[in-house]
Amino acid sequence: MKTTLQPYQFMHLQAIVANLIHNYESVNDYRTIGAIQSLAAEEIRELLAASQIDTKALLDFVMDQRLRRRAAEKYLSELKEHVIPFEQPTKKQVEKVFRKTKKLKVPDFSAIDLRENTFIGWNDLGTQKKFLLFYQGERLAGTLGDISNTAIKGFCSICHHEANVVLFTAVSKKAGDGRYTKKGNYICLDSSQCNRQLYQREDLDNFLQKLK
């Protein structure tokens with residue numbers, strides 16, 4: 001099997017399967033289960049349309065109402081081996097992206113499961129800044145901003161899920177007049193959780209576009 005599944009696609013697939021299992025365990029009406037399965041099957045086919053994943057085998061597995069978490073976790077862990085990981089940059093590459101930042105604290109990429117990351121985000125609590133590292137095509141890029149001291153329950157502007165969020169304030173340039181302005185958005189305090197809840201690459205791209 002070729003490695004063609006993106007991290008955000010895998011996270012979306014995990015969420016669909018988890019929802020199916022939740023309903024298998026809690027819903028007794030077979031018609032309701034059938035409707036939920038039909039919607040899930042449509043989502044999965046659309047999600048994996050461009051991949052090399054054996055969709056029929058996957059659907060046969062997850063549409064079994066006897067499916068439970070342990071078996072699903074084992075199956076998905078094997079499927080995860082075919083996810084394209086976030087390409088690990090060197091320390092120098094990261095420092096080049098954030099060249100204006102003094103004493104940059106580069107994360108330990110070996111401690112991160114790069115198959116779960118569409119982007120890499122980390123907090124520097126000493127300076128109250130959050131750094132976001134991502135690829136635009138093949139080019140490594142990044143952005144940073146100040147984060148609020150406290151987290152609140154709210155919806156993240158990147159993954160669009162409820163989480164502990166902080167106000168992320170980035171400086172951007174206004175088009176035409178050369179002046180700079182600050183733009184604030186609430187995003188997940190924990191970027192690992194944000195990646196686990198990010199199901200579409202477009203959501204990240206739209207957030208980054210708003211910062212420009």
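Me: What makes Phe98 count as buried?
Reply: The model is a predicted one. Phe98 has a relative accessibility of 3%, and buried means under 20%, so Phe98 counts as buried.

Me: Why is Trp122 called buried?
Reply: Its relative accessible area is 9%. The cut-off is under 20%, so Trp122 is buried.

Me: Why is the pair of Trp122 and Phe131 called stacked?
Reply: The ring centres lie 5.4 Å apart, and the planes are at 10°. Rings pair if their centres lie within 6.5 Å, and planes under 30 degrees apart count as stacked. Trp122 and Phe131 therefore form a stacked pair. Phe131 is buried as well, because its relative accessibility is 2%.

Me: How many aromatic pairs does this rule give, and what makes the pair of Phe98 and Trp122 edge-to-face?
Reply: The count comes to six aromatic pairs. For Phe98 and Trp122, the centres are 5.9 Å apart and the angle between the planes is 90°. Planes over 60 degrees apart count as edge-to-face, so this pair takes that label.

Me: Which residues do ring pairs link into a cluster?
Reply: Phe98, Trp122 and Phe131 are linked in this way. Trp122 pairs with Phe98 edge-to-face and with Phe131 in a stacked arrangement.

Me: Why is Lys129 called partly exposed?
Reply: Lys129 has a relative accessibility of 25%. Buried would mean under 20% and exposed over 50%, so Lys129 falls in between and counts as partly exposed. Lys129 is found in strand E2 (residues 129-136).

Me: How do you know that the side chains of Lys129 and Asp146 are joined by a polar contact?
Reply: The distance is 2.6 Å, and a polar contact needs a pair of N or O atoms within 3.5 Å. The value therefore meets the distance limit. Leaving aside residues up to four places away in sequence, Lys129 touches Trp122, Asn123, Asp124, Leu144, Gly145, Asp146 and Ile147.

Me: What separates the C-alpha atoms of Lys129 and Glu25?
Reply: The two C-alpha atoms are 42 Å apart, and the residues are 104 apart along the chain.

Me: Why are Gln9 and His12 called buried?
Reply: Gln9 has a relative accessible area of 15%, and His12 has a relative accessibility of 17%. The limit is under 20%, so both labels hold. With residues up to four places away in sequence not counted, Gln9 touches Thr4 and Leu47, while His12 touches Glu43, Leu47 and Tyr199.

Me: Which residues touch the most other members in the largest nonpolar core?
Reply: They are Leu13, Val17, Ile44, Leu48, Val62 and Leu67, in a core of 25 residues. At least two residues come from each of helix H1 (7-26), helix H2 (30-47), helix H3 (55-62) and helix H4 (69-79). H1 gives the most, with eight residues. In soluble globular proteins, nonpolar side chains tend to be buried together.

Me: Which residues does Ile44 touch?
Reply: Not counting residues up to four places away in sequence, Ile44 touches Leu13, Ile16, Thr55, Leu58, Leu59 and Val62. There is also a second, separate core of 21 residues, which includes Leu132, Phe134, Leu204 and Leu208.

Me: What does UniProt list for residues 4-87?
Reply: An unreviewed UniProt entry lists this span as "domain: Elongation factor G-binding protein N-terminal". The span is 68% helix and 0% strand, and its end C-alpha atoms lie 14 Å apart.

Me: How many helices and strands does the protein chain have, and in what order do they run?
Reply: The protein chain has seven helices and six strands. From the N terminus on, they run α-α-α-α-α-β-β-β-β-β-β-α-α.

Me: How many residues does the protein chain have, and what share is buried?
Reply: The protein chain has 212 residues, and 39% of them are buried. Its C-alpha trace spans about 60 × 35 × 35 Å along the principal axes.

Terms used
Residues are numbered from 1 along each chain as its sequence is written. This is a predicted model: local features need pLDDT of at least 70, side-chain atom pairs count only at pLDDT 80 or more; totals for chains, interfaces and linings use all residues. Side-chain values use heavy atoms; hydrogens and water are left out. Buried means under 20% relative accessible area, exposed over 50%, partly exposed in between (1.4 Å probe, protein chains only). A nonpolar core is a set of buried Ala, Val, Leu, Ile, Met, Phe, Trp, Tyr and Cys residues joined through side-chain atoms within 4.5 Å. Helices (H or I, at least four residues) and strands (E, at least two) are DSSP runs, numbered from the N terminus. Contact means heavy atoms within 4.5 Å. UniProt positions are given in the numbering used here, feature names are shortened, and annotations may be inferred rather than shown by experiment. A polar contact is a pair of N or O atoms within 3.5 Å; within protein, one must be able to donate a hydrogen and the other to accept it, and residues adjacent in sequence count only if both atoms are side-chain atoms.
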